[in-house]
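User: I would like to learn how to read a structure that is new to me, taking one feature at a time. Could you guide me through it?

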Number of protein chains: 2
Amino acid sequence: MPLQPVSRRSVPDAVFDQVLDEVVSGALGPGEPLPSERRLAEVLGVSRPAVREALQRMTQTRLLDVRHGGTTTVRDFRKYAGLDLLPSLLVRGGSVDTTVVRSVVEARLLIGPGVAALAAQRRDDATVADLSATVSAYAASADPVERQRHTLAYWDLVVDAADSLTFRLMFNSLRAAYEPALPVLAPVLDAGESARPYRVLTTAIDGGDPDTARAAAERVLRPSTDTLLAALHDLDTLTSREER
Amino acid sequence: MPLQPVSRRSVPDAVFDQVLDEVVSGALGPGEPLPSERRLAEVLGVSRPAVREALQRMTQTRLLDVRHGGTTTVRDFRKYAGLDLLPSLLVRGGSVDTTVVRSVVEARLLIGPGVAALAAQRRDDATVADLSATVSAYAASADPVERQRHTLAYWDLVVDAADSLTFRLMFNSLRAAYEPALPVLAPVLDAGESARPYRVLTTAIDGGDPDTARAAAERVLRPSTDTLLAALHDLDTLTSREER
DNA sequence: TCCCGGATACTGGTCAGACCACTTGACCAC
DNA sequence: GTGGTCAAGTGGTCTGACCAGTATCCGGGA
């Protein structure tokens, strides 16, 4: 078996995860008050600083409303939480949430072409060469996970070429959510992909025409999106049948 | 003058802001080591817990790499930071960064139509009614900032209708970056907008056809995007002329 | 009866100091 | 060169204390 780095979850991490789960699972709804820090520390068997650190991280994610002297209350994460919460929502309790996966690949399909169009407008020769090299590496690889890593690297370069800070940060957030789930998703995604559409997209970006690039990107993303959505649909009907 | 709530920046907040600025300004490049927590506390004249809290928040934003027993080093925020960093990058040192604004409105133009298309597919009567009501409120308002708030509420509803967690979180992140800059941007954006395109978009979403909704959304966003980009361009040429 | 004001008992914010756990690097024995 | 040992420095955690705000209740005045 392949050796893996041992995971050492810190105390505040554990507290954070617990409180986060309470919030996103709905056990603690919006507006509900949290126990005081001292009380939480006592209940969880940890020190107050540990609790504080966890709560501060929750606050940073806009999940809590902390008022000096008053009570700490839960905010509505659907209304305020940012994209950085996505990883926590995607894989919760060890398994991936299919509805969240669906929304991620949907977003990928809707945004990718736009980014490709920008990239075509602002392309430079060096990046296009990198894109070509990445496609070759992708084509030469056989392992689905490894191939998916190459597609990630490819889109990373496209985002670079688009020269947009907003899309860069968006991509980073999505990748952070995507990568942990990659081993599960890779086989399905890989089934819907081949190297040719990527080559076409590379040429389109090189050509500099936004509309061509947009169409080419759509042809890259559409097949794997469809296969994944179909797989998710099958999975849903399967589990709902089991529930009966 | 209108009274404003006094701002009570906490000690860790102040430390966080300082360290963040060091990182995003490039004064501390990727890979460079940070002083030890004890040393930072001494230099900044605060306690170690205060420093720790700030560094933990930096770590949560994927801006630092902290290793137990080892040195804390700076990560490349362009490569790892998520969309939640956008507010910090948009308004830095009191003024808005024009290149960041450009990328935000670009992203808005590229993503909005896709979300509208999804919303058309998944619309329900209640949301459409809310959309109509919001447009009316928008049309009835005269103050640019207030009108922009109504457009925000409108898109909030569109995102709701799209029923996509990913786009929901994205929208939340963008709004968090957008809202503080609204007083500055509102007059420019308002100049390029009217109520009619919003009414057309509402009808399109109600109709349920994705392509129609996409086109309508583009017609909503295009004018204000163009006027804002033009204004930014003028601003850039103006300041670069001043520099000579 | 109502309402206002202040005492009080909470809350979170901050600090100091201590100890534990871990990494690093130098040194030493083999 | 390899591996073990050790000391120094780092981040991780805890305790306990005090400061600074809020909420609540209760008594006195209208």
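User: How many Å apart are the mean positions of the positive and negative charges of chain A?

Analyst: Please keep in mind that this is a predicted model. In chain A, the mean position of the 28 positive charges and that of the 33 negative charges lie 4 Å apart.

User: What helices and strands does chain A have, and what does its C-alpha trace span along its principal axes?

Analyst: Chain A holds 11 helices and 4 strands, and its C-alpha trace spans about 60 × 45 × 35 Å along the principal axes. Of its 244 residues, 47% are buried, while the accessible surface comes to about 12100 Å², with 53% of that belonging to carbon and sulfur atoms.

User: Is B:Arg147 buried or exposed?

Analyst: Residues under 20% relative accessible area count as buried, so B:Arg147, at 12% relative accessibility, is buried. B:Arg147 sits in helix H8 of chain B, which covers residues 144–162, and its side chain makes a polar contact of 3.2 Å with the side chain of B:Tyr138. Leaving aside residues up to four places away in sequence, B:Arg147 also touches other residues, including B:Asp190 and B:Glu193.

How values were computed:
Residues are numbered from 1 along each chain as its sequence is written. Chains are lettered from A and ligands numbered from 1 in the order in which they are written. This is a predicted model: local features need pLDDT of at least 70, side-chain atom pairs count only at pLDDT 80 or more; totals for chains, interfaces and linings use all residues. Side-chain values use heavy atoms; hydrogens and water are left out. Helices (H or I, at least four residues) and strands (E, at least two) are DSSP runs, numbered from the N terminus. Buried means under 20% relative accessible area, exposed over 50%, partly exposed in between (1.4 Å probe, protein chains only). Accessible areas come from the Shrake-Rupley method with a 1.4 Å probe; for residues, only the protein chains shown count as cover. Lys and Arg count as positive and Asp and Glu as negative; His and the chain ends are not counted. The place of a charge is taken as NZ of Lys, CZ of Arg, CG of Asp or CD of Glu. A polar contact is a pair of N or O atoms within 3.5 Å; within protein, one must be able to donate a hydrogen and the other to accept it, and residues adjacent in sequence count only if both atoms are side-chain atoms. Contact means heavy atoms within 4.5 Å.
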